[in-house]
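Let's walk through this model together, one question at a time. Have a look at the sequence and the fold before reading on.

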Amino acid sequence: MISSPPDQKAIARRPLVKESAILFTISGFPFAIASSAVHEIRSADSLAGSAMEIEQSGVSKVRHLVHRGNRSYFVVNGCAHFGLKTARPTLVLILRDSPVAILVDKIERMADIVAPHPLPLAFEGEERRWYRGLSYIDDMIMPVANPAGFLTRHELRALEDALRASRAEAHAELSGPVTQ
Amino acid sequence: MTTSAAAIENNSFVLLQLGKRRFGLPAAIVTELAPPVKLHVFPHETPMVVGVIMRRGRIIPVYDVTPVLAGKKLPDRRFYLVASRKIDGQDELGAIPVDGECELVNAELFPSPEDSPKYVAGVLSIGEETIEVLDFEKLVSTRVAAPGTAGALSQSEAGPIA
C-alpha cells in the first residue's frame, strides 16, 4: 500500500559480502559464529581434566576455567548466557581473541553466510550485545553471535578477581605454619 | 507528533481483526498485510517482540500485541500487518499478528474516552461499531507482564524454527 522507509530499502540493497561461519545449537536454538572468531572446538569431556573450578565470582554462567597451551579460558554456559532451558552441552568453542570458551549442544555444520543484517532497532535488550546481527541461512533467520558479547568487562574483572582470591587462598594454605 | 499522529490526518484507516475485536491503524503507516509466513525466534530480552519475519528481503520484528489488545496468546495461523514506526529517529518496519483480512476505510476520528489506554489515539464510529484507533508507537512500547524473554519461549510457540 505504502512505500517502505528508505533506510530499510538500503538494508535490502546491502552488498553480498560473504564470510565463513560455524552453525551450532544451544538448547535447540540455532546460532552462527564467524569461523575466524573460533580458535578450536573440543568435546566438553576432553577438557574436564584440565578444568579448574571458579567459586563465588558472581558470574553464575561461568563455573570453570580451562587451560589450552599457555592460555586460559573462562567457560561460559551457553544456556545460562542466553537465558535458555538447561541442555546437556557436549562441545566447547574456544574463542580466538578473548579468554572465553562457550559450551554448546552441537555443531550443525560450516556455512558461507552473507554479512549479517543489523539487529532491528526494536530489539533493545542484552541481545544488542550478544549478536552482531541476523543472517538468513537455508530458509532460517539465525542470530550471529558477537564473540565479544559473551562476557562484559565487568564480568571478566569479577572472574579474574575470584580467580586471584582463590589462588591466594591456595597459596596461603600451602605456605601456612607446619604443626608438629 | 508521533508517526501515528501525523498519519491520522488524512482520515484513512486500516481495520484489523484480533480475536473478536476490530482495531484501526492509520493507513499512512501501514505497508502491507503479509501472509502467514514463518516466524523466526531466537533468544532475546525485549518485551513485546516475539521474533522476526522475512518480507521482501527485509527482516521485520514482530510485536506480540495480542495479550494487550485481546488478552490471549498469538493465533496459530496468523497474518502480519506490517507498519512503520520511528525508533531513535530512524524509520523501521514492525509487524503485528492479526487474525485475518484487513479492511481499508475512510472515517472521521473522534477523541477517545478519557479512561482509554494510552495506546488508543481515538475512535471511529462505523455503523453501530465503535473501533479504537491504535497509536502504533505507544502500543508496541506498552509493557505487559507477559512471557517475553527467551527463556520463556518454547519451540512449539516459536513456530517452525527448527
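**Questions about the two chains**

Q: How many helices and strands does chain B have?
A: This is a predicted model, where local features need pLDDT of at least 70, side-chain atom pairs count only at pLDDT 80 or more, and totals for chains, interfaces and linings use all residues. Residues are numbered from 1 along each chain as its sequence is written, with chains lettered from A and ligands numbered from 1 in the order in which they are written. Helices (H or I, at least four residues) and strands (E, at least two) are DSSP runs numbered from the N terminus. For chain B, that gives four helices and eleven strands.

Q: Where in chain B is confidence lowest?
A: The score here is pLDDT, the predictor's confidence in each residue, from 0 to 100. Chain B averages 83, and 79% of its residues score at least 70. Strand β5 (residues 58–63) of chain B is highest at 96, while the lowest mean, 37, belongs to helix α4 (residues 155–158) of chain B.

Q: Which strands of chain A stand at the edges of the open sheet?
A: Six strands of chain A line up as β3-β7-β8-β6-β5-β4, with mixed pairing. Two strands pair if DSSP finds at least two bridges between them. Having a single partner strand each leaves one side without a neighbour in the sheet, and that's the case for β3 (38–43) and β4 (52–53) of chain A.
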